[in-house]
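Subject: Structure handover, with notes on what was found

Dear colleague,

Please find the structure below, followed by some notes that are meant to be read with the model open beside them.

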Amino acid sequence: MACLLEAPLRMSVLSEVTATSRHYVDRLFDPDPQKVLQGVIDMKNAVIGNNKQKANLIVLGAVPRLLYLLQQSSSSVELRIECSVVLGSLAMGTENNIKSLVDCQIIPALLQGLLCSDLVFIEACLRCLRTVFISPVTPVQLLYTDVTVIPHLMSLLSHSQRTQEYITQIFSHCCKTPEHQTILFNHGAIQNIAPLLISPSYKVQMQALKCCSVLAYENTQVSTTLVNVLVDGELLSQVLVRMMQRDKPVEMQLTSAKCLTYMCHAGAIKTDDCCIVLKTLPCLVRMCSKEHLLEVRVEGAETLAYLIEPDVELQRIASTTDHLVAMLADYFKYPSSVSAITDIKRLDHDLKHAHELRQAAFKLYASLGSNDEDIRKKITETENMMDRIVSGLSESSIKVRLAAVRCLHSLSRSVQQLRTSFHDHAVWKPLMKLLQNAPDEVLVMASSTLCNLLLEFSPSKEPILESGVIELLCSLTQSDSPALRVNGTWALMNLAFQADQKVKGEIVQCLGTEQLFRLLSDPDTNVLMKTLGFLRNLLSTRPHIDQIMSSHGKQIMQAVTLILEADHSVEVKEQTLCILANIADGNTAKDLIVSNDDMLQKVKYYMGHSNVKLQLAATFCISNLIWNEEDGKGLALQRVGSQERQDKLREMGFVDILHKLSQASDTNLSDRAKTAMQQYLA
C-alpha cells in the first residue's frame with residue numbers, strides 16, 4: 001500500500017531525501033535479523049526530534065516495512081518492540097505524518113499486537129496507539145470498529161501502571177459522543193477506571209480523572225453511577241474533593257473540579273451540595289486568578305460558566321467570590337504592552353491565548369448575568385465592559401464573536417440595561433452588522449438578542465426599525481433552522497406590538513401572505529406559537545383589525561379553523577382563540593365569525609371544554625361578539641347589528657352556556673360569563 005505524504009508536500013520533501021535516509025530503509029530488508037534490528041535501532045535514534053528525517057523515511061516507504069516486521073510472529077520480541085517505538089516517534093511528527101500512518105493501517109496492526117503475551121511489547125503498542133489517537137486528525141471511530149477491542153483494553157488495565165496510563169488516555173481522547181460513552185460504560189469503564197484515581201502514579205491518576213470527566217459530560221447515567229461509586233471505601237465525590245485541595249497540582253485541582261461540574265450539570269449532584277458550593281465553585285474561581293497560567297485561567301472560566309449556567313444561586317455566590325467580576329476584566333488585557341517590548345516569547349504566548357481569554361470571559365459574564373439584575377449592573381459597570389462587548393462583536397475569531405453576543409444576550413434581559421447601557425453605546429448598530437453575514441450559531445444568538453432590543457420599552461426599537469430590519473427578520477422566518485424561524489417571528493411579534501398601521505402594513509407586505517400561512521402550519525410548535533403571537537399583535541385596535549381582515553380575512557379564518565381542528569397543545573389553541581377574540585372585537589371583522597356557523601360551533605365546543613384556559617378564551621370571543629357598541633358613530637345601525645348577533649347566538653344556545661359558566665368555580669371564567677350576560681340585559 002502506498003504510504004506517502006499529501007500531494008502538496010510530496011515534491012518538496014522528495015527533493016530533500018538524502019542517501020542516508022535511503023540507507024536506513026534499505027537496512028530493513030536485510031536478510032540478517034540482527035542487522036535488521038540494529039537498523040531499526042539506528043533509525044529510532046535518527047528520527048528523534050527530527051521532523052525532516054521522519055518525513056523522508058515515510059516517503060521512502062519505511063512505514064509498511066516496519067508494520068510488516070511488527071506483525072510477523074517470526075520477528076523477535078525485541079525487534080517488534082523497536083518497530084513500535086520508531087512508529088511512535090514518526091507519529092510525534094506533523095499531522096501529515098499521522099495521516100500517512102493511519103492510511104498504512106497502523107491502528108489495526110497495533111491493536112493486533114495487543115494480543116501478544118509480552119507485556120513490554122503490549123506497552124510499546126499502547127504507547128504508539130496513544131500517540132496516534134491523541135492527534136486531532138485521527139478518526140476516533142477506528143477504536144470502535146472491532147467490537148472486541150474495548151473489552152480487551154479493559155482487561156489490560158490491570159497489567160501495569162503504563163497500560164493504565166496509556167489506555168485511559170486513549171479512552172479520554174476517543175470518547176467524543178454519547179454513543180462512545182455508552183460503549184465504554186457498558187464495558188465496565190467506571191468499575192475499571194475509578195479505582196485508578198488513588199493510584200500511586202500521578203500520571204495514572206490524572207488520565208483516570210480526565211477519563212471520568214469525559215464519560216460524565218452531559219451523561220446522566222454515567223454521572224449517577226460515578227457519584228455512587230466507592231473508591232477504597234470512600235465515595236468518589238470525596239476523592240475528587242480531596243484532589244481539589246490547594247496543595248495538589250493545579251492540573252489535578254482543575255480536572256477534579258471539572259469532573260464534579262459535569263456530574264452536577266448532569267443532575268447527579270445537587271447544585272446546593274456542599275461539595276459544589278464550598279469546594280468546586282471556589283476552586284474554579286481560584287483558577288481564574290492572575291497567579292495561574294493563561295490556559296488554566298481559560299479552562300477555569302469556561303468550566304465555571306458551565307457550572308453556574310442553570311442555577312441562580314450559584315451565579316450569586318460566584319459573583320461575590322474573590323471579586324470575580326473585576327478579576328475577569330483582566331482577561332481583556334492580553335497581550336500587554338510591556339511584554340511586547342521585553343519578551344517576544346511572552347508576546348507570542350499572550351497573542352496565542354488572547355482570543356481564548358476573551359471568549360472565556362464573555363462566556364462567564366453571560367452565565368453570571370443571565371438572571372440577576374444586580375450582577376448585570378455590576379458587569380456593565382466594570383471598566384469599559386460595554387465597549388469590550390461591542391468590540392467583541394466584530395472580532396476576527398468566530399468563537400469570540402459568539403461568546404460576545406451571548407454575553408450581550410444575557411445582559412439584554414434587563415429592562416434597565418436596555419434603557420441605559422445598550423442605548424448609550426448604540427449596541428444595535430454592531431448587532432445589526434453581525435446579523436448581515438454570520439454562521440447560523442451566531443445568527444441564532446444575535447437574533448435572540450435583537451428580539452429583546454425590539455421590546456416596546458427599548459429605546460433602540462425606533463432606530464432599529466428605521467435601519468430596515470423588517471426585511472432581515474422576514475428572511476429569517478424562511479430559514480431552514482427552526483431556531484432562526486422562531487427568532488425571526490418573535491422579533492416581528494415584538495415589532496408589531498402597539499405599532500402603528502404603517503409599520504404593520506410594511507411587515508405584512510414584506511412577509512407576504514403565503515409565508516405567513518406557511519408559518520401558521522410550521523411543524524415546530526415554538527414557531528407556530530410565535531406566529532400566533534405575531535398575528536395577535538397585528539390584530540389589535542379596531543381599525544387595524546378591520547383593515548387586515550378585509551384584505552386577508554378569508555385566509556386567516558381558514559388558518560384558525562385548521563389549528564382548532566388539529567391535534568395541537570392547549571397553549572396553541574388558547575392563543576388561536578385569543579386571535580379569534582381580537583377579530584370579534586373589530587367593527588366589521590366580527591361578521592366573518594358571526595356568518596360562519598362552523599366557527600361558532602367550534603367556539604361553543606371550547607366554551608364547554610374541560611380546560612379553563614380554553615373556556616375563558618372562547619367566552620372572551622363570544623363576549624366581544626355580543627358587545628353593544630357605544631362609540632356614537634352610526635349608533636342606531638350598530639345596535640341593530642348587535643341585536644341581530646345576540647339573537648343568533650341565543651338561538652344557537654350560547655346564552656344557556658353563559659348562564660352555566662357564570663356559576664363556574666373559576667372566578668375569572670364566571671366573571672367573564674356574567675359580563676357577557678349583562679350585554680343581553682343592556
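The model is a predicted one, in which local features need pLDDT of at least 70 and side-chain atom pairs count only at pLDDT 80 or more, while totals for chains, interfaces and linings use all residues. Residues are numbered from 1 along each chain as its sequence is written, and side-chain values use heavy atoms, with hydrogens and water left out. Helices (H or I, at least four residues) and strands (E, at least two) are DSSP runs, numbered from the N terminus.

Two packed helices are described by the angle between their axes and the distance between the axes. The axes are lines fitted to C-alpha atoms, for helices over the stretch in contact, and the angles run from 0 to 180 degrees between N-to-C directions. Angles under 35 degrees count as roughly parallel, over 145 as roughly antiparallel, 65 to 115 as roughly perpendicular and the rest as oblique.

Helix 3 (residues 33-47) packs against helix 6 (residues 77-91) at an angle of about 25°, with the axes 9 Å apart, and the two are therefore roughly parallel to each other. Contact, here and below, means heavy atoms within 4.5 Å. Among the residues that meet are Val36, Leu37 and Val40 in helix 3, and Leu79, Glu82 and Cys83 in helix 6. The residues of this contact divide into eleven nonpolar, one polar and three charged, where Ala, Val, Leu, Ile, Met, Phe, Trp, Tyr, Cys and Pro count as nonpolar, Asp, Glu, Lys and Arg as charged, and the others, Gly among them, as polar.

In the second pair, helix 38 (residues 570-584) and helix 41 (residues 612-625) have axes that come within 8 Å and cross at roughly 10°, and these helices are therefore roughly parallel to each other as well. The residues that meet include Leu577, Cys578 and Ala581 in helix 38, together with Ala617, Phe620 and Cys621 in helix 41. By class, the contact of helix 38 with helix 41 has twelve nonpolar, one polar and three charged residues.

The crossing of helix 37 and helix 40 is left-handed. Here Met557, Val560, Thr561, Leu564 and Glu565 in helix 37 meet Asp598, Met599, Lys602 and Tyr606 in helix 40.

Some single residues also deserve a look. Met263, which is found in helix 17, counts as buried at 0% relative accessibility. Leaving out residues up to four places away in sequence, Met263 touches several others, including Val227, Leu240 and Ile269. Ile269 itself is found in the loop between helix 17 (250-265) and helix 18 (274-287), and is buried, with a relative accessible area of 5%.

Lastly, please look at the backbone in two loops. Most residues other than glycine have a negative phi, and most peptide bonds are trans. Asp232, although not a glycine, has a positive phi of about 55°, and lies in the loop between strand 1 (230-231) and strand 2 (234-235), where Asp232 is exposed with a relative accessible area of 71%. Ala426, also not a glycine, has a positive phi of about 45°; Ala426 is found in the loop between helix 28 (421-424) and helix 29 (428-436), and is partly exposed, with a relative accessible area of 23%.

Technical notes. Buried < 20%, exposed > 50% of the residue type's maximum accessible area, 1.4 Å probe, protein only. Left-handed = near helix turned anticlockwise from the far one by under 90°.
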